[in-house]
Amino acid sequence: MNHAYDVSHLLAGLMIVASFALLYQDRIFAVLNIFAAQAILLSMAVGWEAWTQQRPHLFITAALALGLKGIIIPVALHKMIVRLGVHRDIDQVVGVGKTLLIGLALTSLSLMLVLKVTATAESFTREGLALALAIILLGFLMMITRRNAITQIVGFMSLENGLILAATGARGMPLVVEVSVAFSVLIALFVFAVFVFRIRERFDSVDIEALEDVRGDTK
Amino acid sequence: MRDTVILLFGQTIQMFLVLLIAPGIAGITRRVKARFMRRQGAPIIQPYRDLIKLVRKESVVAQNASWLFRSAPYAILAFTWVAAALVPTFASGLMFNWAADALALVALLGAARALLALAGMDVGTSFGGIGSSREMMIATLAEPAMLLVLLTMALTAGTTRLPEVAEFLISAPITVRVSLALALVALIIVALAENARIPVDNPATHLELTMVHEAMVLEYSGRHLAMIEMAAQLKLVLYISLIVCLFLPFGMAPANAGPAAWPVGMAVYLVKLVLGAALLGAWEVSIAKMRVFRVGEFLGGAFVFAFLAILLAFVTREVLN
Amino acid sequence: MMTSVALVIGIPFVSAAVLVLVPGYRISAAGNVLAMFATFLAGVSLLFVDAGASSYFIIDDMNILFIILNTLVGFTTSVFSASYISHEIETGKLTPQFVRFYHAMFLGMMGAMNVALTANNIGLMWVGLELSTLITVVMVGIYRTPSAIEASWKYFILASVGISLAFFGTILIYLAGQKALGEGAPAMTWNLLQAAAPQLDVSLLNLAFVFLLIGYGTKVGLAPLHAWLPDAHSEGPTPISAVLSGLLLNVALYALLRFKMIVSAHPDAIQPGPIMIVMGLISLIFAAFMLYQRRDIKRLFAYSSIEHMGLITFAFGMGGPLANFAGLLHMAMHSLTKSAIFFAVGHVAQAKGTQRIAGIRGLSVTHPSLAIGLAVGVFAISGLPPFGVFMSEFLIITTTFARAPWLVIFPAFGLLVAFGALLWRLQELLFGEPTEPSHKVSASSVPLIIHLGLVLIAGIYLPPTLVGWFERAAELLK
C-alpha cells in the first residue's frame, strides 16, 4: 500500500460519489455545485497523477478542469439559469430510486468488466479505468434520465470528467492534453448553444421512443 | 481455567456496563438538545428516575391483548441486551467473542424488531398498526444497507467477527479509504433510522401523523413500557458502540492485554460514548424531520453509500492483490 | 506524400480562415468552390505519390479512395451549395452574415474529415471526427427555427455521447498496445498497432472494439443509435444533408473499419464480423420499414441512408475479398447517389417551398427535368440496373449467397421492402395533381448530372485501375 495509490483512489472514489449525488439531486443549483465539486476533484486527481508520474504537461489539463469546469462553467450556468428563468426543479424521466439502482448496477458492471479485462495491467491503470468507466456510464445515465437541457450538459460534462480520468490513468498516453482542450471547446460550445438559442425548456430525451413524434412525421 | 474466569468476568462487566450507562446516554442526548434550544433541560439522570417510576407503576393491559403483547417486552429487552453485550466495547477478546459476529447482531436486532412490530399490532389500535407498518418499511430499507456496511468491513478485514475487525483496523497501517468513509456515512444513516431519531422519526413526539416507534409502543405502560424504553436506550448504546468499534477502535484493550488494560479501555470507551451522544443531540437540533414518504429516499441514500463502499473495497482488494 | 497530405488538409482550413474575413456571400461562395476544387486536385495528386506512413498521417490503398471520393463530393456539393444558398438568401431564410460562416464552416468540416481520413494516429483520427461533427451540428441548426435547434441539440447530445464512447475505446486500444509497443505515441499509431496486432492484449482489444463500435456506430447511424440522423438531415440546409449522408457517415464507418482491421488481425480476439452483420441487418430492415411512414422528403432519404449504411456494415461484417470489395464499392456508389438525390431534393424543396411529401405532387408536369433527375437518383439508390448501386448490391447478395445461403434472406428482404417504399413515394412525388406554389429552379444541376453520370458509368464499366484499388483495399480489410 502506498500513498500514491491511496490518494488517487480517494479522489476517484469521491468522484463516483459525486456522480451518484448528481443522479440523486433534483434541484438545479445543487446539481451545479456538485458538478463543480466533481470537476475540482478531477483536477486534483489529474494534478496528483502529473505529480507522481512526473508528467508536468498534465498540469495543463488539471488547470483546465479546475478553471473551466470547476469555476467558470458552473458560474456561467448559474447566471444563465437566473437570467433565462429555467425551471429550478429537474424533470426526471425515471424516478430517483430506480435511477440510483440502475446506477449501482452500471457501476458494478463496469468494475467487474474492467477489472476482469485488465487483469494483467498495473494497479493504477486498472483502478483508474474501472472507476472512470463507471463515471462515464453514470454521466450517460444522467443524460438519459433528465430532460432539462442544462442537466443534460452537466451529465455530459460529468461523463467527460470520467474520460479525462481514464486518459490520465493510462500511463504515457499522448494527446491527453490536446483532447482535454478539444473537449473543453466542445463543452464551451454546449453552454454557448444554450445561451444563444435560449434553450429553456425540456427537450425530448435521447429515448428513441420519444423521437418519432417530434415533428414532421406524425400528421 | 483462570483465563476463562477472567474473560467471563470481563464479559459480565460489559453486560452490566451497557445496561447501566444506557439511560445515561439517552439523558445526555436529551440534555444536549435542550441546551442547544436554550432550555435548561432535565438532568442527565432523569431517564433512570423515569425507569424506576415506570417499574413501580401498575401495568395496564388492553382487554383483548394476547400473550404476545405481555411477553414481547421481556423478549425484546433480552434480545437487545444480548446484542449489546456482543459488540466489543472497552476490550476485545471477551468471553462471548466467538459469537460477536456481525450477522448474528443483525439477526438479534431483527428479531427484536419483528416482535415489537407484532406487539404493536396485537391490540388492534390504528396507531399501533401504522407504527408497525412504517417500522417494517424502514427496516426493509435499512437492513440491506446495514448488511452491506458490515460486509464492507468484512471484506476489508477478512472476517465478519467484530472484535477481529476492530483489531485489524487498529493494527493495519493508517490509509485513506473512501470505502470506509462511505460505510461510516451509511452506518450513521442506518443508526439514525434504527434508533428512531430525527430525521426519520422523532423520539420526543406524540403527533399522530409522524410517529413511528412511539406509535407502536403507545399501548404499553408500567414495567412493560420500562422494558421497552430500556431496550431502546440499549439499542442506542449498541449502535454508538458499533460505530465506534468499527471506525474508531483506538483505545480499546486488545485481546491479549488482560484485565490490567481494561480500566483505560473503559475510560476511553465512555468518553467516546458521551461524545457520540452529544453529537447525536447536536445533529437532532440542527435538522428537521422528514416526511415519511421521503424516508425511503434517505435510506436509499444509505443503501447507495453502502453499496459504493463495498464496490470500492472490492476494487482496492482486487487491484492491490 | 507529406506535401499532398498537407495540401488536402491545409487548403480547406486555410481557406476557411480566409473566407471568414471575406465580406459578401457571392465572393465567399466562389471562394468555397475554388478551395474545394483545389482540395480535390490535391486529393487526386495522392494517386501519384507513394503510399507511406508517418507518425501522424498515413496514405495507403484503403484511405486514398475515401479521400478522393470525399474531396470530389465536397467539390460538387460546394458548387451546389453556392447556388442553393444564394436562393436561401433571396427567400430570406438565411442572412448574408450566416452565409459567410456557412462557407467557412463547410470548408472547415471538409478539412476535419480529411484529417480523420489521413490520420495514422488514432487520437488524431478521433479529433478529426469530433471536429467535423461539431461543425455539422452548428450547420444543422443554422436556420435557427425551433425544430432546427432541437434537431441540432439532439444531434449534439447523441453525437457527443458516441464520440465519448469512441474516445474511451481509443484509450483502451492504447492500453492494449502499451505492452507490445511501449508507452507513448507508438501505441496510438495505427500502422504500428496493425503490425503488432497479434501481440496486443486481447481482452482489452475486445472491450475497446465494443466501445468503438458503439461510439463510431452512433455516427454511422446504425440502429438503435440512429436517432439523431433523420432530424439532422431534415432540419439542416440540403447541401449539409448531402454531405452528412454522402461523406460523414462514410468517414465514421472508415474509422470503424480501421479498428476492425486491427481486431481481425489478432487471432484470439472476438470476431467483429457477426456483430457487424447483426447491427447492419437490424439497421437495414428497421430503416426499410421506417421508409413507409415518412412524410418529409428529407427524412425519407435520411432513413434510406441508414438502410444503406446497414447494408454496407453487413457487407464488411461478412468479410472476405469479394464482400469487402462490394462494401467499398457500395460506400462509393451510395455516397455519390445519395448526395445527388439530396441535390435534387434541394431543388424540389426550393421549387415547392416545402419538404412535406404531401405538398409536393405532380413534379413531372411542373418541373420535368427535375423529375427526371430525382427519378434517376431514386432508381439508382433502389438498386436498379444499370447503375453502380445495383452492381454493388448484386455483389453483396451473391457473395452472401455463396457463403451463407440462409443469411441472404435478410438483406434481400430489407432491400425489397425499401425498394417498394421508395418507388411508392417517388410516384407520389412525380405524378398527380400539381400542388401550388411552384417556383422556377435556379440552382445549378451540374453536380447532380456529374454524380448520376459517374454512378451510371460505374454500373456499366468499372475501369480496371479502379477495380485494382478496390481489390487492394478489400485485401487490406481481409
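User: Let's start with chain B. How many helices and strands does chain B have?

Analyst: Chain B has 11 helices and zero strands. Bear in mind that this is a predicted model. Read from the N terminus on, the elements of chain B go α-α-α-α-α-α-α-α-α-α-α.

User: What makes chain B as compact as a globular protein of that length?

Analyst: Set the two values side by side: the radius of gyration of chain B is 20 Å, and the globule rule gives 20 Å for 321 residues. The value is close to the rule, so chain B is as compact as a globular protein of that length. The C-alpha atoms of chain B fill a box of roughly 60 × 45 × 45 Å along the principal axes, and 49% of the 321 residues count as buried.

User: And chain C? Why is chain C called as compact as a globular protein of that length?

Analyst: Chain C has 19 helices and two strands. For its 478 residues the globule rule gives 23 Å, and the radius of gyration is 21 Å, which is close, so chain C gets that label too. Along the principal axes, its C-alpha atoms take up a box of roughly 65 × 55 × 45 Å. Buried residues make up 63% of chain C.

User: Let's zoom in on one residue. Why is V138(C) counted as buried?

Analyst: The cut-off for buried is 20 or more other C-beta atoms within 10 Å. V138(C) has 20 C-beta neighbours inside 10 Å, so V138(C) counts as buried. V138(C) sits in helix α5 of chain C, residues 122–140.

User: Now helix packing. How do you know that α13(C) and α15(C) meet, and what is their geometry?

Analyst: Two residues are in contact if their C-beta atoms lie within 7 Å. Residues of α13(C), including I341(C), A344(C) and V348(C), meet residues of α15(C), including L370(C), L374(C) and V378(C). The contact residues divide into 10 nonpolar, four polar and one charged. As for geometry, α13 (residues 320–352) and α15 (residues 368–381) of chain C pack at an angle of about 145°, with axes 9 Å apart. The crossing of α13(C) past α15(C) is left-handed.

User: On to the chain pairs. Which of the pairs that touch has the most contacts?

Analyst: Of the two pairs that touch, chains A and C have the most contacts. There, 37 residues of chain A are in contact with 35 residues of chain C. On the chain A side, the elements giving two or more residues are α5 (123–145), α6 (149–169), α7 (176–197) and α8 (208–211). The largest share, seven residues, comes from α6(A).

User: What is the make-up by class of the side of chain A that touches chain C?

Analyst: That side of chain A has 26 nonpolar, six polar and five charged residues.

User: Last one. How do you know that no contact joins chain B and chain C?

Analyst: A contact needs C-beta atoms within 7 Å. The closest C-alpha atoms of chain B and chain C lie 16 Å apart, and no contact joins these two chains.

Definitions and conventions: Residues numbered from 1 in each chain as written. Chains lettered and ligands numbered in written order. Predicted model: local features only at pLDDT ≥ 70, side-chain atom pairs only at ≥ 80, totals over all residues. Helix = DSSP H or I, 4+ residues; strand = E, 2+ residues; numbered from the N terminus. Rg over C-alpha atoms; globule rule 2.2 N^0.38 Å. Buried ≥ 20, exposed ≤ 12 C-beta atoms within 10 Å, placed from the backbone. Nonpolar A, V, L, I, M, F, W, Y, C, P; charged D, E, K, R; others polar. Axes fitted to C-alpha atoms, helices over the stretch in contact; angles between N-to-C directions. Left-handed = near helix turned anticlockwise from the far one by under 90°.
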